[in-house]
Amino acid sequence: MFGYHLHVLLLHFLLLCNFVTSFTPVDTPSDFHEAVFNVELSSPLNTDLLQQLYSQLSPLISSHQISLEAPHLHNDMYILEIYAFTPTAFQSIPSIISSLSIPFNIKDIRLKRSATHTRDSRYISDCSTIRETYKSDNTSMGLYHDTDELTTFLHQIVQTYPSLASLSLLGHSYENRPIYSLLLTSSNSSSLSPSSTFKPAIKYIGNIHGDETVSREILIRLISYLCIEYTSQTNPYITTLLNSIRLYIVPTMNPDGFEMGTRANSHNIDLNRNFPDQFQDDINSPKGRQIETTTIMQWSEEETFVLSISFHGGSLVANYPFDGTKTAEVDSSGIISKTPDDEEFILLAKSYAQKHNSMSKSKEFPGGITNGANWYVLYGGMQDWNYVYYGRFNFSLFVFLISL
Ligand SMILES: [Zn+2]
């Protein structure tokens, strides 16, 4: 049985990788109130540099689109924080930085979406005006989807492709935002029929970390892409795939974190540290866990998944279990915490990473793959839980270097 599954998994990785590598992240999110660019200066700061920077930024600063925090020293590097308050300013910053003669490195970009994080309430109206402007053109697929838009999108998919897609409301977050699962498979209406039960079930979960928003948007795009391609019947590969598997897609597990622009949920808990754990929390029960974790745990009981993928941002690597280890202390050289299926995990992780041009050339991760604990040890993660308690293969795909 595993041989058949392996074949399907390899086939499916080919599709997923082709899609992810062709995906261009949205570089102009419309619904943020504040974007913070963390810029590292790769040479010591001097007056000339600062003057150049100010002269480039000043036209925008005077129009209240950008502000600049005083640089501060961090680990012998100077860090500048540049705040953008409009999509236009957001787009301008990289080109302004790259136009300077002294090399910079954009270390991080953080977005704050919640009005409560807004530094100045007047920008709220600016952003909503811009948002309306963007909505009025037909490129709205190019924008990030907020909670309402995601809900609308999923319902539209089911209406448009009733024989391919069905939607389940799995539960709600603490702030009452819905957590949906969309099932894509051929002859979906008979998904409980005996024949369909032979189709392996695969689940994708995005946005477990609220601020890793590309992981959410990429799944929204993937849903759209699969439905269009399958229906057009011009892509035999996708036809075969959706005839062969049941693909469940949960675009967001942490909708509150997404809206707040935070990694954690609204109770300030990192959901990828909140699952049962073989080493530290070995009772496979949802009791006492966060509501979003409970929602995913209870839903996962209902289906026999052969593969799970959680999508993350902030790096570019295919990460496989275990994340945890028996060893309490881990030195900087790292350790490898192997599952009994280590060879299969490596085979599958490689099959993904090798098709991803940038991932496979990673300098940080040989071959673009890593054992979880070898990168950094964590406990209570979803991928160890899937494998330990259900024997499911779970990968964490880190699909973008920055979290937008
Ligand atoms: Zn993450």
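Begin at helix α9: the cover over its buried residues includes β6 (165-172), β7 (178-184), β8 (201-205) and β10 (305-313). This is a predicted model: local features need pLDDT of at least 70, side-chain atom pairs count only at pLDDT 80 or more, and totals for chains, interfaces and linings use all residues. Residues are numbered from 1 along each chain as its sequence is written.

Some terms. Helices (H or I, at least four residues) and strands (E, at least two) are DSSP runs, numbered from the N terminus. A residue is buried if 20 or more other C-beta atoms lie within 10 Å of its own, exposed if 12 or fewer, and partly exposed in between, with C-beta atoms placed from the backbone.

**Stop 1: α9.** Select residues 291-301. Glu292, Thr293, Thr295, Ile296 and Ser300 are the buried ones. Look down the axis of α9: its buried residues fall within an arc of 160° (taken over the directions from the helix axis to the C-beta atoms), so they line one face of the helix. Turn to the other side of α9, where Gln298 and Glu301 are exposed.

**Stop 2: the core.** A nonpolar core is a set of buried Ala, Val, Leu, Ile, Met, Phe, Trp, Tyr and Cys residues joined through C-beta atoms within 7 Å. The largest has 59 residues; select Leu184, Ile223, Ile249, Ala318 and Ala349, which touch the most other members. Helix α6 (residues 214-232) gives the largest share of this core, 9 residues. Apart from it lies another core, of 11 residues, including Leu57, Ile82, Ala84 and Ile93.

Now centre on Ile249. Two residues are in contact if their C-beta atoms, placed from the backbone, lie within 7 Å. Leaving out residues up to four places away in sequence, Ile249 touches Ser181, Leu182, Leu184, Tyr204, Leu219, Leu222 and Ile223.

**Stop 3: Thr239.** Find Thr239 in helix α7 (residues 236-244). Thr239 counts as partly exposed because it has 16 C-beta neighbours inside 10 Å. Its contacts are Tyr230 and Gln233, not counting residues up to four places away in sequence.

**Stop 4: α13.** Select residues 382-390; helix α13 is mostly covered, with 7 of its 9 residues buried. Those are Met382, Gln383, Asp384, Trp385, Asn386, Tyr387 and Val388. Gly391 follows α13, with a positive phi near 70°.

**Zoom out.** The protein chain has 13 helices and 13 strands. Buried residues make up 41% of its 404 residues.
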